[in-house]
Amino acid sequence: MTLLTARQRNASANLGLALALMAAVTASLALGTVAVPPEAILDVLAGGGDTIHQFVIRELRLPRVLAGALTGAAFALAGCMMQTVARNRLATPGIIGIDNAATAFAVASVVGTGIAVAPSAMALTGAAAATALAFGLAGANGTRGYRFIIAGLGIGAIAGAVTQVMLSRVAIDAANAAFPWTVGSLNARSETAVQVLAIGLAIGYGLAIALGPALTTLQFSDPVAINLGTRLKRTRALSLACAVLLTGLAVAVAGPVGMVALLAPELARALGRAGKVPLTASALAGAAFMVAADLVGRLALAPLELPVGLVTAIAGSPYLIWILVKPSSRSLS
Amino acid sequence: MTNADSTPKLEARGLTLAHRHTPVIDQLDLTLPPGQVTAIVGPNGCGKSTLLNGLARVHAPAGGAVLLDGGDIHSQPSREVARKLALLPQDNSAPEGLTVTDLIRFGRQPHQGWLQRWTNDDQTVLEQALAAADLAPLADRPLDTLSGGQRQRAWIAMSIAQQTPLLLLDEPTSALDLGHQIEVFELIRQLARQGKTVVMVVHDLVSACRYANHLIAMTDGTIQAQGAPGEILDRSLIHRLYGVHCDVIQDPASGTPVLVNLRKAP
């Protein structure tokens, strides 16, 4: 039937996604107002190259690409874990309202509501608060079933409204400064937030991989998972905490970038083998999608710049619809 | 192959199981005979599936305890329990596209350490499980392309790969036609001959009598009778269980009880 064994299929999916990420990164470093040829990129990365190229790559493009790859990977990994734990493809952090709540808290710190805490910490607090609230409102079913999703939708809507209220009540300059937070953009990221995200992603990815075998059994019914030795409550709690950490820290960098957490795991699942929870593939797909989307946002209407969140929404929606209407698809149940 | 002496002992002591504060099983004591096939029978809603789930630590007790080898099953590491006891629940849906081999591989998970690779031993066990369930030609077929009987055999093969001395099955033949039922029961009997202790919830009383050597008859969460089917099954027990009248005769071929002349109690 197939020429590849299951293991080979997974490995080749990861390899393909890694190559796609590399291609997106290379294109992002090369293209823009100042075009830098690939060999010049290598020169700059090796410590040489001319001064203009050095400035463009090191100061402008590389930090931005790095931030894009890290946020994309974090959003996608969080999405993949939450989908698995909730056994529902719609249960991504963006839909559960975690993104919006994290944004509301981060905006509160940026527009100066008197709370002088770094956006990362604020976003994380918001993400944790939203998740705890959604979990509490979901009642006995926990993360299972639609109560969790509907509670999350409500929380997300409220948090979005709170963000708008805050922005409408502050001076226009402060509102402008906080605007990227509302659409998702890589333009106004903070260096500290990126560093914190890098550390958070390393921890989150390690935890996700450690939880991998247990997460895999969550694709079956609870009794089957328990029968295979999975500690359900512990696995769910740790996975949820991991998703909150990743989402909160990613929002602190780029704001609520939609669709990445929903689509990257779908793509990873479609490429990988049945019955696997594609953690690594999701992270790679998310990073590649985010970097490519930001590149499109920079180039499409240059010199005007589209926020990356707009591009992911525009590019992502048709893909989502295609997955839905595609017959005999196993990538959306 | 395990023998009856080394088989882990599974028992319930004062076990109370509740659904949302309503007790389904109330203070039940039970010791499962090692190395035998036990069938739990009773009318709908008598708590037989709940009891099986309680014994398999899926349903946490509201009181009392399930003891595995003398220790509370809930205080033992779940993976260790998963190497002694396998449960085949009724709701066994699988991710779409999963193949027979993929499914059986999951049975090895309790035996694998952190980041431990698939070993030659695991491969041998996988192939034995495929052969035992007569599934070798279907090894690479997705589960959703199989017949109900084949799919159920694949799930049993997963339990076989788990290599547990105890096997708990919740209505393993429900929704299967006669041929597939026999297929699955024969496989279960074969596993019992190899030394496994089997406990199954069975809907059909006559099949339970034919394939089990120990019968537990329940109503309303309590045990009405237990013992060898031929010894405990009579008209009055059947009336107590199902509220019907009948005559019990002996199956000339298997020597087990068969119900005839069934009629509604006046």
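**Figure 1. Crossing of helix 3 and helix 10 in chain A of the predicted model.** Helix 3 of chain A passes helix 10 of chain A in a left-handed crossing. In this predicted model, helix 3 spans residues 51-86 and helix 10 spans residues 191-217.

**Figure 2. Residues at the contact of helix 3 with helix 10 in chain A.** Helix 3 contributes Leu66(A), Ala67(A), Leu70(A), Thr71(A), Ala73(A), Ala74(A), Leu77(A), Met81(A) and Thr84(A). These meet Val194(A), Leu197(A), Ala198(A), Leu201(A), Gly204(A), Tyr205(A), Ala208(A) and Leu215(A) in helix 10. By class, this contact comprises 14 nonpolar and three polar residues, with no charged residues.

**Figure 3. The side of chain A that touches chain B.** In the contact of the two chains, 18 residues of chain A face 23 residues of chain B. Helix 10 and helix 11 (222-227) of chain A each supply at least two residues of the chain A side. The largest share, four residues, comes from helix 11 of chain A. The chain A side divides into eight nonpolar, eight polar and two charged residues.

**Figure 4. The fold of chain B.** Chain B contains nine helices and twelve strands. Its radius of gyration is 19 Å, close to the 18 Å that the globule rule gives for 266 residues, so chain B is as compact as a globular protein of that length. Along the principal axes, the C-alpha atoms of chain B fill a box of roughly 60 × 40 × 35 Å. Of the 266 residues, 42% count as buried. Among contacts in chain B with a separation of 6 or more, 65% join residues 24 or more positions apart.

**Figure 5. Asp134(B), a residue with positive phi.** Although Asp134(B) is not a glycine, its phi is positive, at about 60 degrees. Asp134(B) is found in the loop between helix 4 (120-132) and helix 5 (148-161) of chain B. Asp134(B) counts as partly exposed because it has 14 C-beta neighbours inside 10 Å.

**Figure 6. Gln163(B), a residue with positive phi.** Gln163(B), likewise not a glycine, has a positive phi of about 50 degrees. The loop that holds Gln163(B) runs between helix 5 and strand 7 (166-170) of chain B. With 18 C-beta neighbours inside 10 Å, Gln163(B) counts as partly exposed, since a buried residue would need 20 or more.

How values were computed: Residues numbered from 1 in each chain as written. Chains lettered and ligands numbered in written order. Predicted model: local features only at pLDDT ≥ 70, side-chain atom pairs only at ≥ 80, totals over all residues. Axes fitted to C-alpha atoms, helices over the stretch in contact; angles between N-to-C directions. Left-handed = near helix turned anticlockwise from the far one by under 90°. Contact = placed C-beta atoms within 7 Å. Nonpolar A, V, L, I, M, F, W, Y, C, P; charged D, E, K, R; others polar. Rg over C-alpha atoms; globule rule 2.2 N^0.38 Å. Buried ≥ 20, exposed ≤ 12 C-beta atoms within 10 Å, placed from the backbone.
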